Amino acid sequence: MTGLLSVLPSKARLLLNNDDIESGSTVDVPCNSLSVGDLIVVLPGDRVPVDGIVRAGRSTIDESSFTGEPLPVTKLTGSQVAAGSINLNGTLTVEVQRPGGETAMGDIVRLVEEAQSREAPVQRLADKVVACPCALGLATPTAMLVGTSLGATRGLLLRGGNILEKFSMVNSIVFDKTGTLTVGRPVVTKVLTPRCVDAQSEAQEAEILKLAAAVEANTVHPVGKAIVDAARAINPQNVKVADGTFMEEPGSGAVATIDNKKVSVGTLDWVQRNGVIENNFQVEETIKNQSVVYVGVDNNLAGVIYFEDQIREDARQVVESLSRQGINVYMLSGDKRSTAEYVASVVGIPKEQVLSEVKPAEKTEFISKLQKDQNIVAMVGDGINDAAALANAHIGIAMGGGVGAASDVSSIVLMGNKLSQLLDALELSRLTMKTVKQNLWWAFAYNIVGIPVAAGMLLPITGTVLTPSIAGALMGLSSIGVTANSLLLRLRFSERQKQIHGSSANIKTYINSDLENQNKKVKHPIPEAGWKGA
């Protein structure tokens with residue numbers, strides 16, 4: 001469980017004079033020595049060392065390692081903070097709420113350990129074979145060896161042949177949302193500017209992105225990085241802010257001077273506080289799973305930038321394929337209900353099979369509930385918040401681009417970080433188990449016929465008797481047959497991949513196509529909503 005525990009700091013800055021938050025000095029102490037009520041100071045860039053409540057300061061916190069959600073959360077006085085989250089851009093004074101280094105992250109570790117300790121053994125097909133002639137002994141391991149090595153060449157890390165056996169029987173698959181069905185980071189989807197002809201509109205969009213990116217290049221906010229990436233995809237030339245003009249308010253936005261223009265980027269309230277008076281166009285309300293930032297230039301509201309945690313392009317294909325195979329598909333998310341249901345509707349998961357605003361322990365409880373109903377359950381996730389559920393499921397499947405903790409506890413890792421590899425893993429497991437059964441039937445049948453003949457059953461009838469050399473050769477032939485059938489698994493799997501993915505078995509890499517899509521002005525198919533005055 002080192003992947004889970006490595007995100008927790010070992011020390012904290014303890015405020016020596018609790019009554020003097022403004023000017024009190026600090027000293028570094030071990031986190032396990034803290035007591036409830038102690039005040040600690042968390043600087044920008046620090047990981048929060050304890051679970052606690054903000055008593056002073058304002059900042060944005062990246063909680064993605066814990067909640068899985070990609071967008072930072074603004075923390076004010078009275079807000080809860082969790083150990084392991086990252087303080088981005090403000091100084092916070094936090095009151096310790098749990099003693100001796102106890103944290104919610106530690107709770108997840110305990111859930112994982114409990115799940116791993118009660119994992120049930122798998123019933124192997126050849127377990128009941130007592131006397132095992134050569135072909136029977138090779139029937140299962142040769143197919144499993146070919147299956148696992150074949151998976152490795154296709155970017156599938158399979159931790160043992162028994163994983164293929166379990167996965168071939170799965171009838172329920174549970175997906176995490178963020179980082180699994182979505183790419184797990186904000187991506188710019190469109191830029192709105194005052195209405196004009198198309199050529200002018202595109203030029204204005206590029207200019208708005210360029211100005212906003214110049215401001216956001218000085219921040220560590222994920223939305224800022226998305227804006228910078230989008231601007232570079234359109235125009236790689238950078239502009240600089242005037243020295244000493246950049247200012248940022250956590251949770252609101254940032255402002256700077258660029259070419260003698262005052263450019264503000266953030267919430268509507270923020271740009272208005274920084275001089276925006278004139279509004280030349282109406283601004284669309286935040287819809288579905290999209291969010292917005294406003295861009296003010298001097299006194300004008302110059303543009304609105306929309307962004308979202310983009311849905312993986314292969315997500316719907318994967319969900320539809322699983323549904324056609326009779327597998328029940330569910331989605332769990334810590335995000336709000338409207339966002340979770342929107343993503344589910346896009347990828348094709350029924351609303352009644354979506355759970356939103358769930359905590360790590362609730363994910364584990366849901367997996368256990370499905371298992372009690374005699375389902376063989378696989379869980380697909382990518383984050384620390386998924387670790388306990390991944391460990392509790394019959395098969396845990398981690399995305400290759402996720403954190404190490406998810407991979408550590410998972411039975412299968414999709415090393416290519418492509419959701420479509422899930423279909424490959426499922427097909428490989430089924431073909432491998434089909435090959436095992438063929439091998440066993442061949443070996444049983446061959447030996448049921450061959451052993452009596454070798455024992456001389458035909459001698460009284462036909463006078464036929466097998467010499468030891470011939471019997472040995474025939475035994476070797478049965479082993480060759482089993483091995484050859486196992487090797488044919490490569491050919492069968494390649495043919496099935498062509499049927500699943502088309503004429504080419506090479507699957508397009510989706511998660512790196514975001515900037516290409518932006519450059520080509522590809523917009524997510526979201527219906528236009530009514531316009532509202534800013």
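The side chains of E320 and R316 come together in a salt bridge with an N to O distance of 2.9 Å, where a salt bridge is defined as a side-chain nitrogen of Lys or Arg within 4 Å of a carboxyl oxygen of Asp or Glu. This is a predicted model, in which local features need pLDDT of at least 70 and side-chain atom pairs count only at pLDDT 80 or more, while totals for chains, interfaces and linings use all residues. Residues are numbered from 1 along each chain as its sequence is written, and side-chain values use heavy atoms, with hydrogens and water left out. Across the whole structure, a search finds 16 salt bridges, including those described below.

**Salt bridges within a helix**

- E320 and R316 lie four residues apart in helix 10 (residues 315–324), and are therefore separated by about one helical turn; helices here are DSSP runs of H or I with at least four residues, strands are runs of E with at least two, and both are numbered from the N terminus.
- E320 counts as partly exposed at 33% relative accessibility, and R316 is also partly exposed, with a relative accessible area of 38%; buried means under 20% relative accessible area, exposed means over 50%, and partly exposed lies in between, using a 1.4 Å probe and protein chains only.
- R273 forms a salt bridge with D269, the closest N and O atoms being 3.0 Å apart, and because these residues are four positions apart in helix 9 (residues 268–273), about one helical turn separates them.
- R273 is partly exposed, with a relative accessible area of 45%, and D269 is likewise partly exposed, with a value of 45%.

**A network of salt bridges**

- R273 and D269 also belong to a network of salt bridges that links them with R58 and E249.

- K177 pairs with D335 in a salt bridge whose closest N and O atoms are 3.4 Å apart.
- This pair links distant parts of the chain, since K177 sits in helix 6 (residues 177–181) and D335 in the loop between strand 19 (328–332) and helix 11 (337–347), 158 residues apart.
- K177 is buried, with a relative accessible area of 2%, and D335 also counts as buried, at 17% relative accessibility.

**A mostly covered helix**

- Helix 5 (residues 161–168) is mostly covered, with seven of its eight residues buried.
- The buried residues of helix 5 include G161, I163, L164 and E165, and K166, F167 and S168 are buried there as well.
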